[in-house]
Amino acid sequence: MSDVKKGLSNLVKWSFALPTLGQNLFIYLELYYMSYFLTDICKFQLSTVTFILTSTAAVDLIWVFVTGIVLEKCEFKKFGKYRAWYIIGSPIIIVFFTCMFTNVGNSTIAASVVIIAFCVKTLLQDIQSAAVTAQLSQISDDQEERTTLSVTRNIGSVAGQFLFSFVGVATISFFGNMMNASAMGYTIAALIFTIVNGVCHIGLYFITKDVPLAETEQKKENLSVGKMFKVFMENPPLLILSFGDLLRYTAYFLISSTAAYYFAAVLKDSGSLSVYLTAQTATGVVAALLVNFIIKTIGKKATYVLSCLMYGGTAVLMYFLGGEGTTMIFIVVMSIGSFFNNCIRATITAMTADTVIYSMWKSGTNARGFIMSMTNIPIKFGSMIKSMILPMGLSVIGYKAGVDATAEVANGIAVIMCLIAGGSVVIAGLINLFFYRLDEKKVDQMTAEINARHTN
């Protein structure tokens, strides 16, 4: 195993920060500005915007499963099973993401263009993301190396978010003013950010070109679709991880989406929201730099469980501490929670890679691409659940836009953001504490047994 470890240079290890940096740069443009672009720039009716967002969200869920099947079924001998998608996907994403932010009016045809562009872009985006996680676990059997690769991948994610906070608005404004058309600011920003994404992925393609595959990857298989899903359902560690991360992502999206309401209704200090967002990003950077040390010290499972309990616990704590005049306390406590959330994000990829080893050990089946693509399931379903809980919750508590929040409404918002979201993450931590059975020693033993089978 030591020979494999020496085979991964620092350049290769750090190159896995590139794809998430590039991807997050354009994803945050979509996350923060897609709805605004459709309503205020393209002048779509709210009903049309709702249809666009819900229909694309439905397709997005389907893509999660399609992604794994595509990765397993497509074989590119010359370019690499997973690396090929860095070359194939990048130009397609550039074209279709730019189309998403092109103002062609507010007609039915224009709406159709946005929906089609979103669906094509998202499929390739998901395939690229899953290909990176699959290749990450494919090139080393050493757990420490896989953890390092997972951590550097998360560093790239945080770096992309941090970079967007500096250049996002500036890019939109600069080109919008230069072209004397607000819409062009978004269009050119979309083009530039996806070109950067392409450069990052193609950079990873060339850097990892001659990296050998791990010993457990030597056995090649052609899996049927039914076999893929059977592998998923017969992998208890993967099911536990997926369910726990579903709860965690649901909580993350709830906390993110409710923050503006909380600052306005509970803290009575909407102006400090920008300080809160900056603090969240800053602690994410610190977590990305420190999490590798934490994992090496206490292990992956302990890091994941502790981080879930701390992330959820900080949110629950703010239900009891929060109120008018507690803005700084809220920002400090929730930033601590953000630190631990980023520790989870860095750990989950490495833990999922361990479940690939479990599957190969238990069934002798290598479904690496399909299993690693399953890391997208909690994200997609968590977002969907949040989209149902938040409007329903606001309706139940009697929230009305433009009306000063009553004490009951403020408390209801705190319940959604702190108790429901925070409690969900705590439950995720407890589920993994009591039911997730893979540790470093077991994974090493299974890896040795798999390699012994291949040599016999």
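Visitor: Which helix gives the most to the lining of the largest cavity?
Guide: Helix 10, with 4 residues. Here helices are DSSP runs of H or I, at least four residues, numbered from the N terminus. This is a predicted model: local features need pLDDT of at least 70, side-chain atom pairs count only at pLDDT 80 or more, and totals for chains, interfaces and linings use all residues. Residues are numbered from 1 along each chain as its sequence is written, and side-chain values use heavy atoms, with hydrogens and water left out.

Visitor: What lines that largest cavity?
Guide: Leu238, Leu241, Ser242, Asp245, Ile348, Thr352, Met374, Thr375 and Pro378. A cavity is a set of points on a 1 Å grid over the protein atoms alone where a 1.4 Å probe fits but cannot get out, and lining residues have an atom within 4 Å of a point.

Visitor: Which helices supply at least two residues each?
Guide: Helix 10 (236-265) and helix 13.

Visitor: How do the lining residues divide by class?
Guide: 5 are nonpolar, 3 polar and 1 charged. Ala, Val, Leu, Ile, Met, Phe, Trp, Tyr, Cys and Pro count as nonpolar, Asp, Glu, Lys and Arg as charged, and the others, Gly among them, as polar.

Visitor: How much space lies in it?
Guide: About 60 Å³ lies in the largest cavity. That is the space filled by probe spheres set on the points.

Visitor: How many cavities does a search of the whole structure find?
Guide: 3, counting those of 30 Å³ or more.

Visitor: Which residues line the second largest cavity?
Guide: Pro19, Thr20, Gln23, Ser129, Val132, Arg153 and His201. Two or more of these residues come from helix 3 (18-41), and likewise from helix 6 (108-138). Helix 3 gives the most, with 3 residues.

Visitor: Which residues make the contact?
Guide: From helix 6, Ser129, Val132, Thr133, Leu136 and Ser137. From helix 7, Arg146, Leu149, Ser150 and Arg153. Contact means heavy atoms within 4.5 Å. The contact of helix 6 with helix 7 has 3 nonpolar, 4 polar and 2 charged residues. Ser129, Val132 and Arg153 also line the second largest cavity.

Visitor: Helix 11 and helix 13 next. How do they pack?
Guide: Helix 11 (residues 273-298) and helix 13 (residues 327-363) pack at about 45°, their axes 7 Å apart. Axes are lines fitted to C-alpha atoms over the stretch in contact, and angles run from 0 to 180 degrees between N-to-C directions. Helix 11 and helix 13 are therefore oblique to each other.

Visitor: What makes that contact?
Guide: Helix 11 brings residues including Val275, Tyr276, Leu290 and Ile295. Among those of helix 13 are Phe330, Met334, Phe339 and Cys343. The contact of helix 11 with helix 13 divides into 15 nonpolar, 7 polar and no charged residues.

Visitor: New topic. Where does Ile397 lie?
Guide: In the loop between helix 15 (376-396) and helix 16 (407-435).

Visitor: What is Ile397 in contact with?
Guide: Val409, Gly412 and Ile413, leaving aside neighbours within four places in sequence.

Visitor: How far is Ile397 from Arg368 in space?
Guide: 45 Å, C-alpha to C-alpha. In sequence, Ile397 and Arg368 are 29 residues apart.

Conventions:
Angles under 35 degrees count as roughly parallel, over 145 as roughly antiparallel, 65 to 115 as roughly perpendicular and the rest as oblique. On a 1 Å grid over the protein atoms alone, a cavity is a set of points where a 1.4 Å probe fits but cannot get out, and a pocket is an open set with protein on both sides within 12 Å along at least five of seven lines; lining residues have an atom within 4 Å of a point.
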